[in-house]
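Subject: Structure handover and notes

Hello,

Here is the structure for your files, with my notes below it. Please read the notes with the model open beside them.

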Amino acid sequence: MDNKEMTASLVNDNETVFEQLFKKHFRELHAYAFSLLKDWDVAEEIVQALFLKLWEKNEWPNIQNSIKSYLYKSVYHDSLNYIRRQKVQQRYQTTTAYSMKNHTDDAAGKLKLSELERHLYKALNKLPEKCRAIFHLSRFEELKYQEIANQLNISIKTVETHMGKALRILRKEMKEFLPLITLMLFNMFRS
């Protein structure tokens with residue numbers, strides 16, 4: 001049966017001719033797909049899907065050249081499309097995994113930061129009132145010692161003494177968080 005006769009038979013939904021075509025070309029098309037994909041099962045699925053599509057859509061009249069070359073071209077294009085989809089899927093998975101890792105890191109970091117802030121506020125509340133006020137003006141409002149001294153009508157030496165006392169108390173109260181603070185500062189300056 002030549003190419004024209006076979007095409008005419010396939011157009012008329014001749015199952016026997018279709019089955020002969022399948023049996024004649026399946027193995028070689030499967031081997032060809034396997035050479036492109038390096039996956040036995042996927043190659044088989046691609047070739048089976050091609051034959052199924054041809055049977056269901058009855059596109060035989062659209063085949064201008066030989067059926068064999070049409071089948072090879074179809075397997076080639078379907079295999080390349082499969083490889084492209086796999087690459088896109090892999091890229092998406094990599095991006096998603098990276099994004100989720102960062103999101104998880106951020107969530108863990110926020111939790112640690114929240115715990116650190118809570119402990120810091122407790123430690124600040126343990127400072128004597130004047131000492132806490134000077135510490136607040138220095139560290140949270142970023143005033144210089146001279147500005148604090150002017151604002152509170154005290155000497156710079158008194159500001160230094162209160163700051164030294166505040167830092168000693170806070171260091172003692174926050175000593176269990178020092179590794180976390182160090183790590184957070186390291187990460188802050190690294191990024």
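What follows is a short account of what was found, from the whole chain down to single residues.

This is a predicted model, in which local features need pLDDT of at least 70 and side-chain atom pairs count only at pLDDT 80 or more, while totals for chains, interfaces and linings use all residues. Residues are numbered from 1 along each chain as its sequence is written, and side-chain values use heavy atoms, with hydrogens and water left out.

Overall make-up

The protein chain has eight helices and zero strands. Helices (H or I, at least four residues) and strands (E, at least two) are DSSP runs, numbered from the N terminus. Read from that end, the order of elements is α-α-α-α-α-α-α-α. Of the 191 residues in the protein chain, 25% count as buried. Buried here means under 20% relative accessible area, exposed means over 50%, and partly exposed is in between (1.4 Å probe, protein chains only). Among contacts with a separation of 6 or more, 62% come from residues 24 or more positions apart; a contact means heavy atoms within 4.5 Å.

Helices α2 and α3

Helix α2 covers residues 15–37 and helix α3 residues 40–57; the two pack at an angle of about 145°, with their axes 8 Å apart. The axes are lines fitted to C-alpha atoms, for helices over the stretch in contact, and angles run from 0 to 180 degrees between N-to-C directions. The crossing of α2 and α3 is right-handed. A crossing is called left-handed if the near helix is turned anticlockwise from the far one by less than a right angle, and right-handed if clockwise.

On the α2 side, the residues that meet α3 include Phe18, Phe22, Phe26, His30 and Phe34. On the α3 side, those that meet α2 include Trp40, Ile46, Val47, Phe51 and Trp55. By class, the contact of α2 with α3 has 15 nonpolar, three polar and two charged residues. For these classes, Ala, Val, Leu, Ile, Met, Phe, Trp, Tyr, Cys and Pro count as nonpolar, Asp, Glu, Lys and Arg as charged, and the others, Gly among them, as polar.

His30 sits in helix α2 and is buried, with a relative accessible area of 5%. Not counting residues up to four places away in sequence, His30 touches Trp40, Ala43, Glu44 and Val47.

Lys38 is in the loop between α2 and α3. Its phi is positive, near 60°, in a residue other than glycine. Most residues other than glycine have a negative phi. Lys38 is exposed, with a relative accessible area of 63%.

Ser79 lies in helix α4, which runs over residues 67–125. Is Ser79 buried or exposed? It counts as buried, because its relative accessibility is 0%. Leaving aside neighbours within four places in sequence, Ser79 is in contact with Ala33, Leu36, Leu37 and Ile46.

Ser35 is in helix α2 and is partly exposed, with a relative accessible area of 38%. Ser35 and Ser79 are 44 residues apart along the chain, and their C-alpha atoms are separated by 10.0 Å.

Helix α5 has twelve residues, 129–140, which should span 16 Å at 1.5 Å a residue; the end C-alpha atoms are 16 Å apart, which agrees. The expected span is 1.5 Å times one less than the number of residues in the helix. The buried residues of α5 are Cys131, Ile134, Phe135, Leu137 and Ser138. Seen down the axis of α5, these buried residues fall within an arc of 165°, so they line one face of the helix. The arc is that of the directions from the helix axis to the C-beta atoms.

His136 is also in helix α5, and counts as partly exposed at 37% relative accessibility.

Glu142 lies in the loop between α5 and α6 (145–152). Glu142 is not a glycine, yet has a positive phi of about 55°. At 64% relative accessibility, Glu142 counts as exposed.

Regards
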